[in-house]
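Trainee: I would like to learn how to read a model like this one. Can we take it feature by feature?

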Amino acid sequence: MATVLVVEDEPAVRLGVRLALEKAGHRVLEAATSQEAWPRLREAEAVVLDWMLPDEPGTRLLERMRQGAYPELPVLMLTARTEVRDRVEGLSRGADDYLVKPFATEELLARLEALLRRAGRRKVLRRGPLLLDLERKEASLDGKPLPLTRREFELLAFLAQRPGRVYSREELLEAVWGQDYLGTPRTVDQHVLQLREKLGEDPKAPRFLETVRGMGYRFKVAPQDTNHVPSQTKGEG
């Protein structure tokens with residue numbers, strides 16, 4: 001299922017949403033403020049966002065997401081505002097859908113599933129700050145386009161769609177280059193090196209492409225967050 005970031009300052013509402021999402025099989029990240037939410041967006045595949053947050057309106061966080069590194073991340077906005085003009089404002093700021101409090105968790109789940117299905121049809125894959133448009137074969141990192149060759153993109157996309165799974169050089173050659181390719185496994189090493197340079201990777205502490213000694217390569221799984229909100233999280237405000 002999906003990793004969903006719930007940005008909500010009311011503990012009871014946040015707990016109810018978390019429990020409903022986890023029961024449905026989703027992994028849940030939590031934040032009570034915009035500041036806490038920002039660094040966690042890197043792992044999220046969808047966001048449930050409250051309009052009224054203690055440090056800034058949820059609509060302001062949404063604007064920064066859309067103008068920065070998260071233009072495609074599905075967002076379901078929660079609010080107690082019931083006026084049509086408020087709904088229009090939320091949608092115009094970049095929300096994909098809108099749910100008025102109080103709400104039934106069944107409706108929240110249904111709306112979120114619809115957003116995830118639409119995102120899937122767009123064939124856009126997000127891995128933290130890395131965005132891969134599988135249809136257009138375009139990649140961006142932190143909102144900035146990556147100048148990848150066709151083969152570099154195909155190798156990165158293949159691994160990113162299967163995070164944590166180790167592939168040998170021979171397996172990658174067959175999957176990405178094809179059975180008839182006459183090159184050597186060193187071709188994979190060279191392309192991984194080129195990708196790391198373009199991704200700004202430190203080979204000793206990679207964010208994305210990890211070498212497994214004696215085995216091959218894998219796309220690194222992001223560290224698991226706990227389900228509670230920490231007392232203090234540093235990040236952009």
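Predicted model: local features only at pLDDT ≥ 70, side-chain atom pairs only at ≥ 80, totals over all residues.

Trainee: What partner does Arg 150 have in a salt bridge?

Mentor: The general idea is a distance test: a side-chain nitrogen of Lys or Arg within 4 Å of a carboxyl oxygen of Asp or Glu. Here Arg 150 pairs with Glu 154, with the closest N and O atoms 3.0 Å apart. Both residues belong to helix α6 (residues 150–160). They are 4 residues apart, about one turn of the helix.

Trainee: How many salt bridges does that rule give?

Mentor: The count comes to 20. Look at another pair within a helix. Arg 60 bridges to Glu 63, and their closest N and O atoms are 3.5 Å apart. Both sit in helix α3 (residues 58–67), 3 residues apart, so about one helical turn separates them. Arg 60 is partly exposed, at 35% relative accessibility. Glu 63 is partly exposed too, at 21%.

Trainee: Which elements does the salt bridge between Glu 30 and Arg 14 tie together?

Mentor: First the geometry. The side chains of Glu 30 and Arg 14 meet at 2.8 Å, N to O. Glu 30 lies in strand β2 (residues 27–31) and Arg 14 in helix α1 (residues 11–23), so the pair ties together parts 16 residues apart in sequence. Then check accessibility: both Glu 30 and Arg 14 are buried.

Trainee: Which residues are linked in a network of salt bridges?

Mentor: Glu 8, Glu 10, Asp 50 and Lys 101. Asp 50 deserves a separate look. UniProt, in an unreviewed entry, places the feature "modified residue: 4-aspartylphosphate" at Asp 50. Such an annotation may be inferred rather than shown by experiment.

Trainee: Is Asp 50 buried or exposed?

Mentor: Read the relative accessible area against the cut-off: under 20% means buried. Asp 50 has 3%, so Asp 50 is buried. Its place is in strand β3 (residues 46–50).

Trainee: What does Asp 50 touch, not counting residues up to four places away in sequence?

Mentor: Asp 50 touches Val 7, Glu 8, Asp 9, Gly 58, Leu 78, Thr 79 and Lys 101. Glu 8 and Lys 101 also belong to the salt-bridge network with Asp 50.

Trainee: Now the rings. How many aromatic pairs does the structure hold?

Mentor: It holds 3. One of them is Trp 51 with Tyr 98, an edge-to-face pair at 6.4 Å centre to centre, with 80 degrees between the planes. Trp 51 lies in the loop between β3 and α3, and Tyr 98 in strand β5 (residues 97–100), so this pair ties together parts 47 residues apart in sequence. Both Trp 51 and Tyr 98 are buried. Next come Phe 158 and Tyr 167: their planes stand at 65 degrees and their centres 4.9 Å apart, so this pair is edge-to-face. Phe 158 and Tyr 167 are both buried.

Trainee: Which charged end sits over the ring of Tyr 167?

Mentor: That of Arg 165, 4.1 Å from the ring centre. Trp 38 gives another case: Arg 64 lies over the face of Trp 38, at 4.7 Å from the ring centre.

Trainee: Last, the whole chain. How many helices and strands does it have?

Mentor: The protein chain has 8 helices and 11 strands. Buried residues make up 49% of its 237 residues. Of contacts between residues at least 6 apart in sequence, 58% join residues at least 24 apart.

Note on methods: Residues numbered from 1 in each chain as written. Heavy atoms only, no water. Helix = DSSP H or I, 4+ residues; strand = E, 2+ residues; numbered from the N terminus. Buried < 20%, exposed > 50% of the residue type's maximum accessible area, 1.4 Å probe, protein only. Contact = heavy atoms within 4.5 Å. Phe/Tyr/Trp six-rings, centres within 6.5 Å; stacked < 30°, edge-to-face > 60°. Lys NZ or Arg CZ within 6 Å of the ring centre and 35° of its normal.
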